[in-house]
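Okay, thanks for having me.

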Amino acid sequence: DADLVVLNTCYVRENAVDRVRGHLGELSRLKREGRVKKVALTGCIGAAEESRQLEKQYSIDLILGTHNTYELAEFIGLPGMEETHTPELPGTEGEHTAFVTIMTGCNYKCSYCVVPSVRGRMVCRPMENVVHEVRRLVGSGTRYVTLLGQTVDAWRDPEGSGNKFFDLLGRVAEEAPRVWFTTSHPSNMEDRTLRLIGERETIVGKLHLPVQSGSDRMLKAMHRGYKSDRYRRKIEVFREAVPRGTLSTDIIVGHPGEAEEDHEETLRLVEDCSFDSAYVFKFSPRSGTEAAELAKSPGAVPEGVAQRRFLEVLRAVEQNAFKRNQRKIGSTEEIYIRHAKNGNGRAVGETWSGHAVHVPTTAEPGGYVTSKIESAGPHVLYAGEPVGPPR
Ligand code: 5AD
Ligand code: SF4
């Protein structure tokens, strides 16, 4: 039973929309039964054309996009906030983990992606503004700050100081006891930033750098702006600068025009980069994108082929990840507790190298324990009883 249900949504792939439709159907039913009074749809689906049709079909009470979220306050009877056009949304104070948005939008035009059309062009937050927020969060008990942005490493100070993401990350790493950032774009990732991850004790040694494909032909069709060799070189720098670090990526299989050789190049890249994890996606045509048009032509990859490629990439990633995780067995790690102990008696944490770990401890989120890694799967490590008390 609720006065208002807010569905904050993602539009990046078709199945996200399908899931939201499912929830909207269920919410319409609850509204008819009088158990839910109002429904609001926010986020990227709200900013997309498709939201008009959803509004009618499910009689949604309020639709908000990505630039007018402040209207939600008015809708629930709070004084309206002014639109700032810079993402100066206050983080969640008092929480042990906080997300700080440093830029919104994206200036790229990847063939398959709806983000530029629903999020608009890149808007960066001023450096001092970010640093003040981080300071305030840390003062109120935040122990882990994640800097967020669609292309977070494309950040540059809008105040004209000449500061780039490297400088901002360095400043934040001085303010916060634990820092991470996502998502990066290979074309913006500077070698000095990769080295900084290894140099600074407060930066988690975990890099998420979406590659999307291992084939130069596909990277060109996708308008990614780099070739696979440039990506490989970035990874070499990262592995050297952060030898114990973890690397993850995003890969799309079945983009229109993807031939068997392109797919094989992706498998080769997966082998060469030895990712610790990867999000593998089957291409999903998003209306209004260049690739959705290409998918109508004979260049479309049949579903059965895409499914096979998807499984092959997934399997290659998991085999690598499993091997890498096995090598962690026996090492003693300081583990940041993200989620408190659950029903199976284990808390979920993260090492400084960015590995996810299950550990038997009653330590609270935001604290640290030190434990030895006893076993490993493809996705998580399992640690033994902590040595000494939590920090
Ligand atoms: N189809 C499949 N995957 C997509 N992604 C973005 N758009 C699409 C699409 N149309 C994936 C990319 C991106 C991640 C967030 O989602 O890999 O990095
Ligand atoms: Fe989309 Fe990322 Fe490409 Fe921007 S850089 S268009 S958000 S995939």
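So, axes first: when I say axis, I mean a line fitted to C-alpha atoms, for helices over the stretch in contact, and angles run from 0 to 180 degrees between N-to-C directions. Helices (H or I, at least four residues) and strands (E, at least two) are DSSP runs, numbered from the N terminus. This is a predicted model, where local features need pLDDT of at least 70 and side-chain atom pairs count only at pLDDT 80 or more, while totals for chains, interfaces and linings use all residues. Residues are numbered from 1 along each chain as its sequence is written, chains are lettered from A and ligands numbered from 1 in the order in which they are written, and side-chain values use heavy atoms, with hydrogens and water left out.

Two packed helices are described by the angle between their axes and the distance between the axes. Helix 7 (residues 165–175) packs on helix 8 (residues 191–199) with axes 9 Å apart and an angle of about 15°. They are therefore roughly parallel, a label for angles under 35 degrees; over 145 is roughly antiparallel, 65 to 115 roughly perpendicular, and the rest oblique. On the helix 7 side, Phe-165, Phe-166, Asp-167, Leu-169 and Gly-170 meet Arg-192, Thr-193 and Leu-196 of helix 8, contact being heavy atoms within 4.5 Å.

Now the other pair. The axes of helix 11 and helix 13 (residues 303–326) come within 9 Å and cross at roughly 10°. That makes this pair roughly parallel too. From helix 11, the contact includes His-263, Thr-266 and Leu-267, and from helix 13, residues including Arg-308, Val-313 and Asn-320.

Let's zoom in on His-263, which sits in helix 11 (residues 260–273). Buried or exposed? His-263 counts as buried, because its relative accessibility is 1%; the cut-offs are under 20% for buried, over 50% for exposed and partly exposed in between, with a 1.4 Å probe and protein chains only. Leaving out residues up to four places away in sequence, His-263 touches Glu-258, Arg-308, Arg-309, Glu-312 and Val-313.

Beyond residues up to four places away in sequence, Thr-146 touches Ala-98, Phe-99, Val-100, Trp-180 and Phe-181.

Last stop, ligand 2: the residues around it include Cys-106, Tyr-108, His-185 and Arg-224, counted if a heavy atom lies within 4 Å.
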